Amino acid sequence: GANANAVRQQTGWFKGVDGKWRYEIDDSGASLKAHGFGFGELLDALGKNLTLADVLDHPALFAAYPSIARSSVEAIDEKSQNNGELVTNKRGGFTIRVNAGLGEAKALSVMLHEIQHGIQNVEGFASGGNIDLMAGYDEPRIKAIETRISSLLGSGKQGKEIAPEIKRLNARIAEIRKEDPYQAYRKLAGEVESRNVQQRQN
């Protein structure tokens, strides 16, 4: 077979870390439909009940994903520490929310990041997450410790005999869960992919 980089250079197609094929849509020509505003002011200038197609000029994206063009767009309170998020609904659609205080360039970058999460949902690609989710992330070290606790509880030994070890193991689980959830969130395949979209924007 051909070298993966050669295939990507020649065709635009490549495999993600989840093993699924992707074709990158060029975002370099994407722009917001109103200029010189913070994101909240931009939405106010464009009107109410806005869709992504009302806010974003990106014909190639909407040709490939017409359902994404119909997604709702909302502002997040500018006092929020959250720059953006994708909120899915029960019908499989989603809303893209961007911090109202972001300037035009940053708002566009955040919007493209969140759109990538929407594409991940549509295509079944590896997805992103959030920091709160990662704080309780069920990772292999925790599973191994829980297996050890289960075997201790099923060992037939007296409670007094195994209590100190169980206490130590539970403390280790708590330590793991306190590890920086932000770093765990940043390592999710879907988050890496969405940040790469932002970096390749220009």
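User: In β7, which residue is the bridge partner of G84?
Analyst: V98 is the partner of G84 in β7. Please note that the model is predicted: local features need pLDDT of at least 70, side-chain atom pairs count only at pLDDT 80 or more, and totals for chains, interfaces and linings use all residues. Residues are numbered from 1 along each chain as its sequence is written, and side-chain values use heavy atoms, with hydrogens and water left out.

User: How do β6 and β7 pair, parallel or antiparallel?
Analyst: Strand β6 (residues 84–88) pairs with β7 in the antiparallel sense over five bridges. Strands are DSSP runs of E of at least two residues, helices runs of H or I of at least four, numbered from the N terminus; two strands pair if DSSP finds at least two bridges between them.

User: And what about β5?
Analyst: Strand β5 (residues 72–76) runs parallel to β7, joined by five bridges. I76 has N99 as its bridge partner in β7.

User: Why is β7 largely enclosed?
Analyst: Five of the six residues of β7 (residues 94–99) are buried, so the rest of the structure largely encloses this strand. Buried means under 20% relative accessible area, exposed over 50%, and partly exposed in between (1.4 Å probe, protein chains only).

User: Changing topic, which side chain meets E24 in a salt bridge?
Analyst: R200 does, at 2.7 Å, N to O. A salt bridge is a side-chain nitrogen of Lys or Arg within 4 Å of a carboxyl oxygen of Asp or Glu. E24 is partly exposed, with a relative accessible area of 32%.
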